[in-house]
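Hello,

Here is the structure we talked about handing over. Please open it alongside this message; my notes follow.

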Amino acid sequence: MLPRRAGIVVAALSILLACGSQLRAQPFETKATEAFVIDVGTGSMLLDQQADRPVPPASMAKMMTMAVVFDAIKTGKLSLDAMFTVSENAWRTGGAPSGTSTMFAALKSSIRVEDLIKGVMVQGANDGCIILAEGIAGSEAEFVKMMNAQARAIGLKKSAFVNSTGLPAEGQQVTMRELVTLARHLSEQYPDLFAYYALPEFTWNKITQRNRNPLLRMGIGADGVLTGYTENSGYSIVGSMNEDGKRVFAALGGLKTEPDRAEEARRVFDWVRKGFTKREMFATGQPVGQVPVYGGARSTISVRASGAVSILTPNEGQGDLAARIVYQGPIVAPVEEGTPIGVLRVTAGGQVTMETPVFAAEAMGLGSLHQRAFDAIAELAVGWLRNL
């Protein structure tokens, strides 16, 4: 394994520093004990406050339940018109007798999968989750195995699920960063089903309940997702916004009251809506900089991202944005066009705000014997510096 080193690319820095006075927002202070906010359109990470701290998921575990259900529908293993029966376990544990969030499913009745999905996504129905789990896997315990397998497949490393509802259970945990990853997965992989999160209300068993997500009624471009509460971890929310070219996901946890949760979520999305502007740094195919090449026909090679590179920049504040290309070095010739090189990493105030992979923008053949000899001498002279 070759040693790792960071290359600071003049071409990238010159573009960023040209608007340096506008590149860092005033610090945002939140009442949430854990928070993570990202614009997924640009990859700009806007707020990271204990985003990797494990906490109980509460009802936000239901996003993982929906991930399993949506996957079954997308792969043809389950139909929206399929009918599942309400078991006594589902009725007692998550239905009206439970005193928890419910769609009031009647015992031993049969319900269409699509209605169960709406009950879970709009009303946070615990009975809906258990009915779906039992209908798909035979038991909730077997369904939980599917949830954890799906979590790993999505890339969730810290999250663990013990039931389909998010009701308190030892060993069940998520992080704000991974909740955002999960919400983004649902939005991007199942956009038609994700749209149910924006339904204003849902009626089942002649009982109409409003959507529990307060963001949907604020006129701020919110289009999902859901809320949660546990006595130990407080009030939490995962929200999404799609407005004015910004696709933002936010997860907040540890808020003390329900009004605090609604107001803090509004503050976060207003901060992003009004405080940032999307700027294109590099057009599609445009080189973002160059990195040195060992033994090549030239000393450096151009690198580019897979598409256009944009970033959200604050409208006010002091600037100290920096960009660098981080890669495993040295890059050894020959190099084919499109070869993965490393990542373009943008930081503000020492914090990583955006990172995207970069690739060779051109092919590079072997250099002459003289050039390779020169590079070998240079490598012997300065290569050891990478290990310092």
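**Strands, rings and a pocket**

Strand 17 and strand 18 (residues 351-360) pair in the antiparallel sense, with eight bridges between them. Keep in mind that this is a predicted model.

Start with that pair. Gly342 has Val358 in strand 18 as its bridge partner. The two strands form a hairpin, with two residues between them. Look at Gly349 in the turn: its phi is positive, about 60 degrees.

Strand 17 (residues 340-348) also pairs with strand 15 (residues 321-328). These two run antiparallel as well, joined by seven bridges. Here Arg324 has Arg345 of strand 17 as its bridge partner. When you inspect the side chains, remember that in a regular strand they alternate between the two faces of the sheet.

Next, the aromatic rings. How many aromatic pairs does a search of the whole structure find? The search gives five.

Are Phe194 and Tyr197 buried or exposed? The cut-off for buried is under 20% relative accessible area. Phe194 has 4% relative accessibility, so Phe194 counts as buried. Tyr197 has 1%, so Tyr197 counts as buried too.

Elsewhere, Phe28, Trp271 and Phe276 form one aromatic cluster. Tyr196 has a charge over its ring: the charged end of Lys118 sits there, 5.4 Å from the ring centre.

Last, the second largest pocket. Its volume is about 450 Å³. The lining has 28 residues. Ser59, Ser101, Arg212, Gly228 and Tyr229 lie nearest the centre of this pocket.

Which elements supply at least two residues each to the lining of the second largest pocket?

- helix 4 (113-123)
- strand 8 (222-230)
- helix 9 (258-275)

Strand 8 gives the largest share of the lining, six residues. By class, the lining of the second largest pocket has 13 polar, 10 nonpolar and five charged residues.

Finish at the second largest pocket, with strand 8 in its lining.

Best wishes

Notes. Residues are numbered from 1 along each chain as its sequence is written. This is a predicted model: local features need pLDDT of at least 70, side-chain atom pairs count only at pLDDT 80 or more; totals for chains, interfaces and linings use all residues. Side-chain values use heavy atoms; hydrogens and water are left out. Two strands pair if DSSP finds at least two bridges between them. Helices (H or I, at least four residues) and strands (E, at least two) are DSSP runs, numbered from the N terminus. Rings of Phe, Tyr and Trp (its six-membered ring) pair if their centres lie within 6.5 Å; planes under 30 degrees apart count as stacked, over 60 as edge-to-face and the rest as tilted. Buried means under 20% relative accessible area, exposed over 50%, partly exposed in between (1.4 Å probe, protein chains only). A charge sits over a ring if NZ of Lys or CZ of Arg is within 6 Å of the ring centre and within 35 degrees of the ring normal. On a 1 Å grid over the protein atoms alone, a cavity is a set of points where a 1.4 Å probe fits but cannot get out, and a pocket is an open set with protein on both sides within 12 Å along at least five of seven lines; lining residues have an atom within 4 Å of a point. Grid points are joined across faces, edges and corners, and a volume is the space filled by probe spheres set on the points. Ala, Val, Leu, Ile, Met, Phe, Trp, Tyr, Cys and Pro count as nonpolar, Asp, Glu, Lys and Arg as charged, and the others, Gly among them, as polar.
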